[in-house]
Amino acid sequence: MRMYDIIRKKRDGGELLKEEIDFFVEGYTKGKIPDYQASAFAMAVFFKGMTEEETANLTLAMSKSGDMVDLSEFGDKTVDKHSTGGVGDKTSLIIAPVVSCLGAVMAKMSGRGLGHTGGTVDKLESIPGFRVELSSDDFKKQIEEIGVAIVGQSGNLAPADKKLYALRDVTATVDCIPLIASSIMSKKLAAGAKTIVLDVKCGSGAFMKTLEDAKLLAEEMEKIGKNCGRNVLAVITDMDSPLGHAVGNALEVKEAIEVLKGGGPEDLRQECICLCSNMIALEENISYDEAKGKVEEVLSNGKAFEKFKQWISAQGGDIKMIENPDLLPTSAYTYDVIAERSGYISAMNAERIGGASVILGAGRATKEDPIDYSAGIIIKKKTGDYVKEGEVLASLHSNDEKVLEDAAWVYSLALTISDEKVENKPLIFERI
Ligand code: URA
């Protein structure tokens, strides 16, 4: 078999056999197939798509490309969640401690920033000392002891996806349903949790721009998960505007801490409550409302925050920074984006806002780029808000003074200011 023929077959719209997909996944993981052929393959899939069977085969091959964590000893208590990627989405940092202090076992593998979207692993690494690499034995030991662990794709879990994910990030092949579904579900299957809640983002800042595409992606992932014996539920949530007010790694950790302490922005808080409640309802087989009551209680009585500290400390993070978030990495420069006219913010393009935060240093332009953990944006005005000419729309943070004006220009292009107030869209669209 030759990779050349597989690329050509897909380029011409053919359906790949299981053996051909296995050949690609094995060869790419072992370094026998170079990045340039894998990029051509991803681009061919981007344009020609994949059948349900091809997507399932790609998912299984990638999930088996490394270790498969066996969590069967925890029975049906293991839970996992995944977001399809958004801007300002720090929900995992909140959901993990909340559900684990309610008795669920959160065993999660997360990704890095991808394209204009942020990644949980980068956010966690903005806490000095935090280790995102645990062997499968250490991963298991930690969840046994404290009921929560989030790791990056190290320790040989789904290494094929790890390589392909980083490559897609820099080759414009991210927003493609079969590639996203297989990427997410390969990690979920390898990480071993029984109950999986998928947060499928929809809108300008998401890879899925329309509700229709978001539903297709949600259904595809649910099918794969259920066929592999997992409880899967997908929630479609809005990503037209960034979630919360903070975009950028350390800034988002600070905002997550506010929610864990019972405060924080309402949209972020409500979305976390919805995802946690669905997860607990499914895992414990209780009603959504009963689960919601439990979730709200641990967010207000401090137990979720205590669990967060225990988790961050177990993975080596500096707990002083969690107790006093002002000690987290801070940028040398800040720059205010000013409104040039008065009016209502009628639309925000979250993808552009994510792009502005990448310019500031919060994301990567190439897969080798380092991240400036302190960089990012604090959004002062969101969709529906009234703003006066000269008021601050957002404050930009970076350690590179040269990029501030460029990022401010991109940020201002992301906003539409009108005379009329618009209806805000719902935060949660649908449960699949
Ligand atoms: N999240 C993933 O894990 N993979 C993707 O392809 C997109 C979002």
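Me: In which hand does α4 pass α10, left-handed or right-handed?
Reply: In this predicted model, the axes of helix α4 (residues 52-63) and helix α10 (residues 211-227) come within 11 Å. They cross at roughly 60 degrees, and the two helices are therefore oblique to each other. The crossing of α4 past α10 is right-handed.

Me: How many charged residues does the contact of α4 with α10 have?
Reply: From α4, the contact takes Glu-52, Thr-55 and Thr-59, and from α10 it takes Glu-220, Lys-223 and Ile-224. Sorted by class, the contact of α4 with α10 has 1 nonpolar and 2 polar residues. Its number of charged residues is 3.

Me: What is the relative orientation of α2 and α8, roughly parallel or roughly perpendicular?
Reply: Helix α2 (residues 18-29) packs on helix α8 (residues 159-169) with the axes 9 Å apart and an angle of about 80 degrees. Angles of 65 to 115 degrees count as roughly perpendicular. With that angle, α2 and α8 are therefore roughly perpendicular.

Me: How many nonpolar residues does the contact of α2 with α8 have?
Reply: On the α2 side, the contact is made by Phe-24, Val-25, Tyr-28 and Thr-29. Pro-159, Ala-160, Lys-163, Leu-164 and Leu-167 contribute from α8. By class, the contact of α2 with α8 has 1 polar and 1 charged residue, and the nonpolar residues number 7.

Me: What is the relative orientation of α1 and α3, roughly parallel or oblique?
Reply: The axes of helix α1 (residues 3-11) and helix α3 (residues 35-48) come within 8 Å and cross at roughly 20 degrees. Angles under 35 degrees count as roughly parallel. The orientation of α1 to α3 is therefore roughly parallel.

Me: In which hand does α1 pass α3?
Reply: Residues of α1 that meet α3 include Met-3, Ile-6 and Ile-7, and those they meet include Ala-40, Phe-41 and Ala-44. By class, the contact of α1 with α3 has 8 nonpolar, 1 polar and 3 charged residues. The crossing of α1 past α3 is left-handed.

Me: Which residue has a polar side-chain atom 2.6 Å from a nitrogen atom of the ligand?
Reply: The residues surrounding the ligand include His-82, Arg-168 and Ser-183. For His-82, a side-chain N or O atom is 3.1 Å from an oxygen atom of the ligand, and for Arg-168 a side-chain N or O atom is 2.8 Å from a ligand oxygen atom. The residue with a polar side-chain atom 2.6 Å from a ligand nitrogen atom is Ser-183.

Technical notes. Residues are numbered from 1 along each chain as its sequence is written. This is a predicted model: local features need pLDDT of at least 70, side-chain atom pairs count only at pLDDT 80 or more; totals for chains, interfaces and linings use all residues. Side-chain values use heavy atoms; hydrogens and water are left out. Axes are lines fitted to C-alpha atoms, for helices over the stretch in contact, and angles run from 0 to 180 degrees between N-to-C directions. Helices (H or I, at least four residues) and strands (E, at least two) are DSSP runs, numbered from the N terminus. Angles under 35 degrees count as roughly parallel, over 145 as roughly antiparallel, 65 to 115 as roughly perpendicular and the rest as oblique. A crossing is left-handed if the near helix is turned anticlockwise from the far one by less than a right angle, and right-handed if clockwise. Contact means heavy atoms within 4.5 Å. Ala, Val, Leu, Ile, Met, Phe, Trp, Tyr, Cys and Pro count as nonpolar, Asp, Glu, Lys and Arg as charged, and the others, Gly among them, as polar. A residue is near a molecule or strand if one of its heavy atoms lies within 4 Å of it. A polar contact is a pair of N or O atoms within 3.5 Å; within protein, one must be able to donate a hydrogen and the other to accept it, and residues adjacent in sequence count only if both atoms are side-chain atoms.
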